[in-house]
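Q: I have just opened this structure and would like to go through some of its features. Shall we begin?

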Amino acid sequence: MVRVPKLTPADAAAAHRNPLAFIADRWTPDPRTVRRAALAALVMSVVIVVTGGAVRLTGSGLGCPTWPTCTDDSLTTTRAMGVHGVIEFGNRMLTYVLCAAVGWAIIAARSRKPWRRDLTRLGWAQFWVVMGNAVLGGIVVLVGLNPYTVAAHFLLSTALITVATVTWQRTREGDAEARPLVGGAVRQLVWFLVAAAVLLIAVGTVVTGAGPHAGDSSEVARIPLDWEMIAKLHAVLAWIVVTLTFALWFVLKAVDAPKGPLSRTRDLFVILLAQGVIGYIQYFTHLPEALVALHMLGSCLMWIATLRVLLSLRERPAVPASAPVPGPAAEASVGTPA
């Protein structure tokens, strides 16, 4: 049994003023705990996207017709609202699970020894993105699933995945200055790949906004575009991303790049091929809900893999611990007889 220290009134006051510093003074997490906390936040950021897609694909987008309460008279779903209310309200509740995961990541990063300010800031960035997306999700409901707000909701979720991925990667690195592992031309090619992937995701939201899955059984406005034409543009962009990924792998092999960038590029290529197969099947089978949900999951995994390729192009070793600098008391004691 671990003895629990007694809390004094001064301790309680300190915890009230700065609870994170209070916890950090009394807990030092294992480095694996910090990495797992960051990974949990990343996993939950993907889960919330997939479950949000399930809300839309089951026609439950207005299962709770208002926000922040579920109805004008009830905070939670009621029996009269049926399964659609349960699905929509359940997705809202998952936001609290996501907040808990992000909160754990923040506490673990703040309690790490030595403390790294960059990890704490990244954790807080996730928190504020979650809060902003929660408000935007409420606006989506209040405006009756306007397709442009739905697209913005997904793009902000992608921003959350971006910050969570960077946080997870940083927990597995040191805090020294980044050192490039490849030349400038290779890094430029990767940035072209990242830009193409961003455009691919953005056009994918337009396909969603113009497509047949409006998110609710009622009459919901759609983006006034031919969704099949936009879907073909989306496919062209996907092939551009695949081509850039294959070209990157070939260049990395030619310049004898380290194993890390090669492995990350290979992973991205495999995910893109699987995502392409799912995309073509769902297009020719008239967008069955299960395949659309799987395609949304693939979109998240594709973006994470793209970010990992970008982040693998440099390394950050740990800063060597320097010898402690003697304080004034220690300097005064030099030469003093015992």
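Q: What is the handedness of the disulfide of C64 and C70?
A: This is a predicted model. In it, the torsion about the S-S bond of C64 and C70 is about -75 degrees, so the disulfide is left-handed.

Q: How far apart are the sulfur atoms of C64 and C70?
A: The sulfur atoms of C64 and C70 lie 2.0 Å apart. The structure's disulfide count comes to one.

Q: Is C64 buried or exposed, and what of C70?
A: C64 is buried, and C70 is buried as well.

Q: Why does C300 count as buried?
A: C300 has 3% relative accessibility, and buried means under 20%, so C300 counts as buried.

Q: Changing topic, how many cavities of 30 Å³ or more does the structure hold?
A: The structure holds one cavity of that size, 30 Å³ or more. The space in the largest cavity comes to about 40 Å³.

Q: Which elements give two or more residues to its lining?
A: Those elements are α3 (31-57), α4 (82-111) and α6. Of these, α3 gives the most to the lining of the largest cavity, with three residues.

Q: Which residues line the largest cavity?
A: The lining of the largest cavity is made up of V34, A37, A38, A105, A109, L119, T167 and T171. Six of these residues are nonpolar, two are polar and none is charged.

Q: You mentioned α6. What is the reach of that helix from its first C-alpha to its last?
A: Helix α6 covers residues 147-171, which is 25 residues, and reaches 36 Å from its first C-alpha to its last. That is close to the 36 Å expected at 1.5 Å a residue.

Q: Which residue caps the N-terminal end of α6?
A: N146 caps that end of α6, with a side-chain oxygen 2.9 Å from the backbone nitrogen of Y148.

Q: Now to the pockets: how much space lies in the second largest pocket?
A: The second largest pocket holds about 180 Å³ of space. The elements that give two or more residues to the lining of this pocket are α9 (259-284) and β2 (314-315). Helix α9 gives the most, with three residues.

Q: How do the residues of that lining divide into nonpolar, polar and charged?
A: The lining of the second largest pocket has three nonpolar, three polar and six charged residues. Among the residues that line this pocket are R172, E173, R264, R314, E315 and R316, and Q169, L181, G260, P261, L311 and S312 line the pocket too.

Conventions: Residues are numbered from 1 along each chain as its sequence is written. This is a predicted model: local features need pLDDT of at least 70, side-chain atom pairs count only at pLDDT 80 or more; totals for chains, interfaces and linings use all residues. Side-chain values use heavy atoms; hydrogens and water are left out. Helices (H or I, at least four residues) and strands (E, at least two) are DSSP runs, numbered from the N terminus. The expected span of a helix is 1.5 Å times one less than its number of residues. A polar contact is a pair of N or O atoms within 3.5 Å; within protein, one must be able to donate a hydrogen and the other to accept it, and residues adjacent in sequence count only if both atoms are side-chain atoms. On a 1 Å grid over the protein atoms alone, a cavity is a set of points where a 1.4 Å probe fits but cannot get out, and a pocket is an open set with protein on both sides within 12 Å along at least five of seven lines; lining residues have an atom within 4 Å of a point. Grid points are joined across faces, edges and corners, and a volume is the space filled by probe spheres set on the points. Ala, Val, Leu, Ile, Met, Phe, Trp, Tyr, Cys and Pro count as nonpolar, Asp, Glu, Lys and Arg as charged, and the others, Gly among them, as polar. A disulfide is a pair of cysteine sulfur atoms within 2.5 Å. Buried means under 20% relative accessible area, exposed over 50%, partly exposed in between (1.4 Å probe, protein chains only).
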